[in-house]
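Visitor: Please take a close look at the sheet in this structure, and at what surrounds it. A plain account is enough.

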Amino acid sequence: MSKDDTSPYEVKSTELASEAVWHNMKISPEQRALLLQQKPCCIWLTGLSGAGKSTIANALDAVLHSQGKKSFLLDGDNLRHGLNKDLGMSEIDRAENIRRVGEVAKLLVEAGLIVVCAFISPYRRDRQMVRSIFAQGSFIEVFIDTPLNVCESRDPKGLYKKARQGILKNFTGISDPYEAPQAPELTLDTSRNSVEDSTKQILSILSL
Ligand SMILES: Nc1ncnc2c1ncn2[C@@H]1O[C@H](COP(=O)(O)OP(=O)(O)O)[C@@H](O)[C@H]1O
Ligand SMILES: [Mg+2]
């Protein structure tokens, strides 16, 4: 193989990230949180497409913002336009998608923000991996447990229709699995809870 055939993304053994030596930062996450006068955390909304994750995440972000909190929203669909636009929907790409956004969420939490995340994140192992990189109590998993038939009847983006027609492959709930959380901090069902009620319930379990 000539040099020109080598992918620029190929990692050489001598360039492995494990060779990097951690450089301690002068300003700690605690000092940053103190400056912003809040308790940073990651609120992770998981559930089927159409369950209401983005709707609730936006409502929650708006309430936090109106209260003067420094929050930020990470939404799966939006990040797939940029950071994760090279990833598909296979199990391995979904794992990488969640690994990346988990790391981004962690950086934002270290910067002192209250980070609201809306990702289908269908695999328990991937969500568990994200939980494991956060300090105890700063990762709040919210299961948006809206029944599949309700999500499908809403079909806000017409994706279920395409999945049923076989146009979309690897569609969670139809042709791909969704592994429900076993011990989420909170479970909501948007066929019963209004957006306002869901937002209130999430706020009630946060210690900001
Ligand atoms: N109680 C509710 N909570 C959240 N969304 C709701 C509710 N009732 C109806 N919806 C509607 O369901 C759809 C959910 O879509 P979306 O938030 O994009 O879901 P997701 O991000 O989980 O794919 C929206 O069209 C929203 O208006
Ligand atoms: Mg969404």
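**The sheet and its surroundings**

Guide: In this predicted model, five strands make up an open sheet with parallel pairing, and their order is 2-3-1-4-5. The edges are strand 2 (71–75) and strand 5 (186–188), each of which pairs on one side only. On average, neighbouring strands of the sheet are turned by 20 degrees against each other, direction ignored.

Two helices that pack on the sheet can be described next. Helix 2 (residues 53–66) touches strand 1 (41–46), strand 2, strand 3 and strand 4 (139–144). The direction of helix 2 makes about 170 degrees with that of strand 2. Helix 8 (residues 195–205) also packs on the sheet, where it touches strand 1, strand 4 and strand 5. The direction of helix 8 makes about 175 degrees with that of strand 5.

Strand 3 deserves a separate description. Strand 3 covers residues 114–118 and runs parallel to strand 2, to which five bridges join it. Strand 1 also pairs with strand 3 in the parallel sense, over five bridges. Ala 118 of strand 3 is the bridge partner of Asp 75. Val 116 in strand 3 has Leu 73 standing opposite, and Cys 117 in strand 3 has Trp 44 opposite.

Strand 3 is mostly covered, with five of its five residues buried. On one side these are Ile 114, Val 116 and Ala 118, and on the other Val 115 and Cys 117, so that both faces of the strand are covered.

Ser 121 is placed in the loop between strand 3 and helix 5. Ser 121 is not a glycine, yet its phi is positive, at about 35 degrees. With 3% relative accessibility, Ser 121 counts as buried, because the cut-off for that class is under 20%. Asn 170 sits in the loop between helix 7 and strand 5 and is partly exposed, with a relative accessible area of 34%.

Glu 141 pairs with Arg 127, and the closest N and O atoms are 2.8 Å apart. Glu 141 lies in strand 4 and Arg 127 in helix 5 (residues 124–132), so this pair ties together parts that are 14 residues apart in sequence. Both partners count as buried: Glu 141 has a relative accessibility of 7%, and Arg 127 has one of 2%.

Helix 5 in turn lies against helix 4 (91–110). The axes of helix 4 and helix 5 come within 9 Å and cross at roughly 20 degrees. Helix 4 is therefore roughly parallel to helix 5, since angles under 35 degrees fall in that class. On the helix 4 side, the contact is made by Glu 91, Arg 94, Ala 95, Ile 98, Arg 99 and Gly 102. On the helix 5 side, Arg 125, Asp 126, Met 129 and Val 130 take part. The crossing of helix 4 and helix 5 is right-handed.

Helix 4 also brings in charged side chains. Asp 86 and Arg 100 meet in a salt bridge, at 3.0 Å from N to O. Asp 86 is in the loop between helix 3 and helix 4, while Arg 100 is in helix 4, so the pair links parts that are 14 residues apart in sequence. Asp 86 is exposed, with a relative accessible area of 51%. Asp 86 and Arg 100 belong to a network of salt bridges together with Glu 96 and Arg 99.

The count of salt bridges comes to 13. Another of them joins Lys 157 to Asp 77, with the closest N and O atoms 2.7 Å apart. This pair links distant parts of the chain, 80 residues apart: Lys 157 is in the loop between helix 6 (148–154) and helix 7 (159–164), and Asp 77 is in helix 3 (residues 76–79). Lys 157 is partly exposed, at a relative accessible area of 46%, and Asp 77 is partly exposed too, at 39% relative accessibility.

Technical notes:
Residues are numbered from 1 along each chain as its sequence is written. Chains are lettered from A and ligands numbered from 1 in the order in which they are written. This is a predicted model: local features need pLDDT of at least 70, side-chain atom pairs count only at pLDDT 80 or more; totals for chains, interfaces and linings use all residues. Side-chain values use heavy atoms; hydrogens and water are left out. Two strands pair if DSSP finds at least two bridges between them. Helices (H or I, at least four residues) and strands (E, at least two) are DSSP runs, numbered from the N terminus. Axes are lines fitted to C-alpha atoms, for helices over the stretch in contact, and angles run from 0 to 180 degrees between N-to-C directions. Contact means heavy atoms within 4.5 Å. Buried means under 20% relative accessible area, exposed over 50%, partly exposed in between (1.4 Å probe, protein chains only). A salt bridge is a side-chain nitrogen of Lys or Arg within 4 Å of a carboxyl oxygen of Asp or Glu. Angles under 35 degrees count as roughly parallel, over 145 as roughly antiparallel, 65 to 115 as roughly perpendicular and the rest as oblique. A crossing is left-handed if the near helix is turned anticlockwise from the far one by less than a right angle, and right-handed if clockwise.
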